Amino acid sequence: GNKVLIDRSANVFKKNEELFEAFARLLDADVNRQPTEKEFQKYHELRNECRHLMWEVGYCLHCYEFICTCEGLD
């Protein structure tokens, strides 16, 4: 019982750490000027990584809730 809870907590902590690190890199991206093609690609990769990590921790990117309210969305 306790081992399962500890393992789940460790997994949640790791996912949150990955998510916050991805957002930190996204926020530090320099997009205040016209980016080069390579910089624009990197920004999109960071953005997609953040979205993927949000989805992995259970956040719905359609209704913006942890408890999805858009189950009928196809």
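Predicted model: local features only at pLDDT ≥ 70, side-chain atom pairs only at ≥ 80, totals over all residues.
## Overall form

The protein chain contains two helices and zero strands. Helix α1 covers residues 2-28. The radius of gyration of the protein chain is 16 Å, whereas a compact globule of 74 residues would have a value near 11 Å. Along the principal axes, the C-alpha trace extends over about 55 × 35 × 15 Å.

Of the 74 residues in the protein chain, 16% are buried. The accessible surface amounts to about 6300 Å², and carbon and sulfur atoms account for 57% of this area. When contacts between residues at least 6 apart in sequence are considered, 41% of them join residues at least 24 apart.

## Salt bridges

Six salt bridges are found in a search of the whole structure. Two of them involve Glu18. The salt bridge between Glu18 and Lys14 has its closest N and O atoms 2.6 Å apart. In the salt bridge between Glu18 and Lys15, the corresponding N and O distance is 3.9 Å, which still counts because the cut-off is 4 Å. Glu18 and Lys14 are four residues apart in helix α1, so about one helical turn separates them. Glu18 and Lys15 are three residues apart in helix α1, and their separation is likewise given as about one helical turn. The relative accessible area is 25% for Glu18, which is partly exposed. Lys14 is partly exposed at 45%, and Lys15 is partly exposed at 23%.

Glu21 forms a salt bridge with Arg25, with 3.7 Å between the closest N and O atoms. These two residues, Glu21 and Arg25, also lie in helix α1, four residues apart, or about one turn of the helix. Glu21 is partly exposed with a relative accessible area of 47%, and Arg25 is partly exposed at 32% relative accessibility. Elsewhere, salt bridges with shared partners connect Lys14, Lys15, Glu18 and Glu56 into one network.

## Aromatic pair

One aromatic pair is present in the structure. Its members are Tyr59 and Phe66, with ring centres 5.0 Å apart and planes at 75° to each other, an edge-to-face arrangement. The label edge-to-face applies because the angle between the planes is over 60 degrees.

Phe66 has 56% relative accessibility and counts as exposed, since exposed means over 50%.

## Cysteines

The structure holds zero disulfides. Cys63 is in no disulfide, and its nearest cysteine sulfur is that of Cys60, 3.6 Å away. Cys63 is buried, with a relative accessible area of 18%. Cys70 is also in no disulfide, its nearest cysteine sulfur being that of Cys68 at 3.3 Å.

In general terms, a disulfide is a covalent bond between the sulfur atoms of two cysteines.

Conventions
Residues numbered from 1 in each chain as written. Heavy atoms only, no water. Phe/Tyr/Trp six-rings, centres within 6.5 Å; stacked < 30°, edge-to-face > 60°. Buried < 20%, exposed > 50% of the residue type's maximum accessible area, 1.4 Å probe, protein only. Salt bridge = Lys/Arg side-chain N within 4 Å of Asp/Glu carboxyl O. Disulfide = S-S within 2.5 Å. Rg over C-alpha atoms; globule rule 2.2 N^0.38 Å. Contact = heavy atoms within 4.5 Å. Areas by Shrake-Rupley, 256 points an atom, 1.4 Å probe, with all protein chains shown as cover.
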